[in-house]
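My entries follow the structure.

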Amino acid sequence: MRVHILGSGAGGGLPQWNCACDNCSLVRAGDPSIAPRTQDSIAVSRGSSDDERWLVVNASPDVLRQIEGFASLWPRAARHTPIGAIALTNGDLDHVVGLLSLRESQPLRILATPQVRSGLVDRNAVLRTLARSADQVTWITLDLGREVRLEDLGLGVTAVPVAGKLPVHLVGLGDPSPEDNVALRVRDLGSGRTVVIATAMGSLEAAGPLSEHADALLLDGTFWSEDELVALGLGKAHARDMAHVPVGGADGSLARLGPALPGGGRRIYTHINNTNPMLRAGSRERTEVERAGWEIAFDGMDFTL
Ligand SMILES: [Zn+2]
């Protein structure tokens, strides 16, 4: 199984267009301690052949740039894509806006929970650009806890509910549901190797069971501290209000998840907000993460399990 990080940033990316915080400013200045990041997206394949086909998890607003930056996702014929399916972890715009860029009448398969699909398609005339023909998009339902087998990709995908929230644009229009936000367990149907993708988690309750049998865990690294945005004067919301468990602190994921996964798998933080101090090489926070054996994802990170 091969995993390629297309985008390791949270919503807004790094630098964020309307932000001149320390991190965003350092990136703009070309400081070598910090690299720019596009928004959350991860590609997975069996990694078994040159003509491999890929599952892309989340379609970020940066999707076109991410595809062009990774030759394995380039078309191999006129009107072709090696992207065999797209799976959505929630309906946040940062994860779905890219779908609108993947039109051009290209047939797509999209995996989503019924709630996420409904939030996208119902009463949304713009999404009809993906329904220009009856067979343009094939929706595949992610029922919680049931593995969807994508035989042609050699991958199985299981959605596991994790604490989340409605997308900001749907708050007040519907009731929250366990289908709003999921982690995905992606399994190589041949080797059994498994990557768990949990880039938005409002509590660590599900983290233990999720990471059992994981050869790699890609975890929510959005914020270092609960009051990160408040302390910087950039917002009023705390990390948990936005359904993200912070990395640092006594209740943070670094302290709570312990030094190792049960099976010894890789532990990698991704979906990292531009304000997070662990983005800077040499920072106290980065050192703390690395000492605990965790890795920090970066755009273009690529590994085989
Ligand atoms: Zn910033």
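**Entry 1: the parallel strands**

I started at strand E4 (residues 83–87), which runs parallel to strand E5 (residues 108–112) and is joined to it by two bridges. The model is predicted: local features need pLDDT of at least 70, side-chain atom pairs count only at pLDDT 80 or more, and totals for chains, interfaces and linings use all residues. I number residues from 1 along each chain as its sequence is written. Helices (H or I, at least four residues) and strands (E, at least two) are DSSP runs, numbered from the N terminus. Two strands pair if DSSP finds at least two bridges between them.

I looked up Ile86 and found Ile110 as its bridge partner in E5. I then followed Ile110 to its bridge partner in E6, which is Trp139. E5 and strand E6 (residues 137–141) run parallel, joined by five bridges.

**Entry 2: the crossover**

Which elements make the β-α-β unit here? I found E5, helix H4 (residues 114–121) and E6, and the unit is right-handed. Right-handed means that, with the strands pointing away from the viewer, the path from the first strand over the helix to the second runs clockwise.

Ser133 sits in the loop between H4 and E6. Is Ser133 buried or exposed? Ser133 counts as exposed because it has 9 C-beta neighbours inside 10 Å. The cut-offs are 20 or more other C-beta atoms within 10 Å for buried, 12 or fewer for exposed, and partly exposed in between, with C-beta atoms placed from the backbone. I also checked Ser133 against Cys24: 109 residues apart in sequence, 42 Å apart in space, C-alpha to C-alpha.

**Entry 3: the open sheet**

I traced seven strands in an open sheet, in the order E7-E8-E9-E10-E11-E12-E13, with mixed pairing. Strand E7 (148–150) and strand E13 (295–296) stand at the edges with a single partner strand each, so one side of each has no neighbour in the sheet. Strand E9 (residues 182–188) pairs with strand E10 (residues 194–198) in the antiparallel sense, over four bridges. Within E10, Ile197 stands opposite Leu184.

The peptide bond from Leu14 to Pro15 is cis, with omega near -5°. Pro15 lies in the loop between strand E1 (2–7) and helix H1 (22–28).

Arg79 is not a glycine, yet its phi is positive, about 55°. I placed Arg79 in the loop between helix H2 (63–68) and E4. Arg79 is exposed, with 9 other C-beta atoms within 10 Å.

His213 also has a positive phi, near 65°. His213 is in the loop between helix H5 (207–211) and strand E11 (216–220). With 16 other C-beta atoms within 10 Å, His213 is partly exposed.
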